[in-house]
Amino acid sequence: MVQSKIPTVLDKLYADLVYMPDGEKRDAIKQRIAVEEMKKAKRQDTPRQHHEEDLQIACCKFLDLHPRILYWSTPNHLYGGTGNRGALMGYMAKQKRMGLKKGVSDLLLYFKNAQGLPVLCAAELKAGYNKADDDQEKFLRAVSTIGGFSGVIKSLDDLQCLLRQAGYR
């Protein structure tokens, strides 16, 4: 017996997006997709290793809807796997010499606030009961010290709150 896949809300939204012309309706569908992906990540009954990655993907999709926000991710972690440990350590040492810093936030955002002043935001993404480690907290404090805004983000709502606090309109 062949089981057919029942279309999910996300499947239907993606289908709508393919046939939707550019404009406000398309942006609304993209925002709805970001929200639905966050809900999907939250619905997981068992803890998952990639939950923070799901959160980051949803946040990036949301940020893509806001072209006045320049954002990026700095991959400051590396999974060693089963490769050559010596080569990995040499690579990481070189990356440090090239400016790789411990604790850099998952997402960095840059935009002009309502007064036209440039603003830097650091968003450290955490899932479930996870907390920022000492290096991450140090980086968040450093951003705040220089006049930026920073926070630990556990949901899309947290990201929107950080943006509002920073003066994004």
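Me: Which residues of H5 are buried?

Reply: The model is a predicted one, in which local features need pLDDT of at least 70, side-chain atom pairs count only at pLDDT 80 or more, and totals for chains, interfaces and linings use all residues. Residues are numbered from 1 along each chain as its sequence is written, and side-chain values use heavy atoms, with hydrogens and water left out. In H5, the buried residues are Gln-136, Leu-140 and Val-143. They cover an arc of only 60 degrees around the axis, which puts them on the same side of H5; the arc is that of the directions from the helix axis to the C-beta atoms.

Me: Why is Gln-136 called buried?

Reply: Buried means under 20% relative accessible area, exposed over 50%, and partly exposed in between (1.4 Å probe, protein chains only). Gln-136 has 13% relative accessibility and therefore counts as buried. On the other side of H5, Asp-134, Lys-138 and Thr-145 are exposed.

Me: What do the buried residues of H5 pack against?

Reply: They pack against strand S3 (118-125) and strand S4 (149-153). Contact here means heavy atoms within 4.5 Å. Leaving aside neighbours within four places in sequence, Gln-136 is in contact with Gly-103, Glu-124, Lys-126 and Lys-131.

Me: What is the span of H5, and what span is expected?

Reply: Helices (H or I, at least four residues) and strands (E, at least two) are DSSP runs, numbered from the N terminus. The expected span of a helix is 1.5 Å times one less than its number of residues. H5 covers residues 134-145, 12 residues in total, and reaches 16 Å from its first C-alpha to its last, close to the 16 Å expected. Helix H3 (residues 51-64), with 14 residues, reaches 20 Å, close to the 20 Å expected.

Me: What caps the N-terminal end of H5, and what is found just after the helix?

Reply: The cap is Asp-133, which has a side-chain oxygen 3.1 Å from the backbone nitrogen of Asp-135. A polar contact is a pair of N or O atoms within 3.5 Å; within protein, one must be able to donate a hydrogen and the other to accept it, and residues adjacent in sequence count only if both atoms are side-chain atoms. Just after H5, Gly-147 takes a positive phi of about 100 degrees.

Me: What makes the meeting of Lys-126 and Glu-124 a salt bridge?

Reply: A salt bridge is a side-chain nitrogen of Lys or Arg within 4 Å of a carboxyl oxygen of Asp or Glu. The side chains of Lys-126 and Glu-124 meet at 3.7 Å, N to O, and both residues are buried. A search of the whole structure finds one salt bridge.

Me: In what sense does S3 pair with S2, and in what sense with S4?

Reply: Two strands pair if DSSP finds at least two bridges between them. Strand S2 (residues 107-112) and S3 are joined by six bridges in the antiparallel sense, with Val-119 in S3 as the bridge partner of Phe-111. S3 and S4 have five bridges in the parallel sense, and Ser-150 in S4 is the bridge partner of Ala-122. Between S2 and S3, which form a hairpin, lie five residues, and Gly-116 in the turn has a positive phi of about 85 degrees. S3 is mostly covered, with six of its eight residues buried.

Me: Why does Ala-132 count as buried, and which residues does it touch?

Reply: Ala-132, found in the loop between S3 and H5, has a relative accessible area of 15% and is therefore buried. Not counting residues up to four places away in sequence, Ala-132 touches Glu-124, Lys-126, Glu-137 and Val-152.

Me: Why is Gln-56 called buried?

Reply: Gln-56 has a relative accessible area of 19%, and so it is buried. This residue lies in helix H3, where the buried residues include Leu-55, Ala-58 and Phe-62. Leaving aside neighbours within four places in sequence, Gln-56 is in contact with Ser-73, Asp-106, Leu-107 and Leu-125.

Me: How many helices and strands does the chain have, and what percentage of its residues count as buried?

Reply: The chain has six helices and four strands, in the pattern α-α-α-β-α-β-β-α-β-α along the sequence. Of its 169 residues, 31% count as buried.
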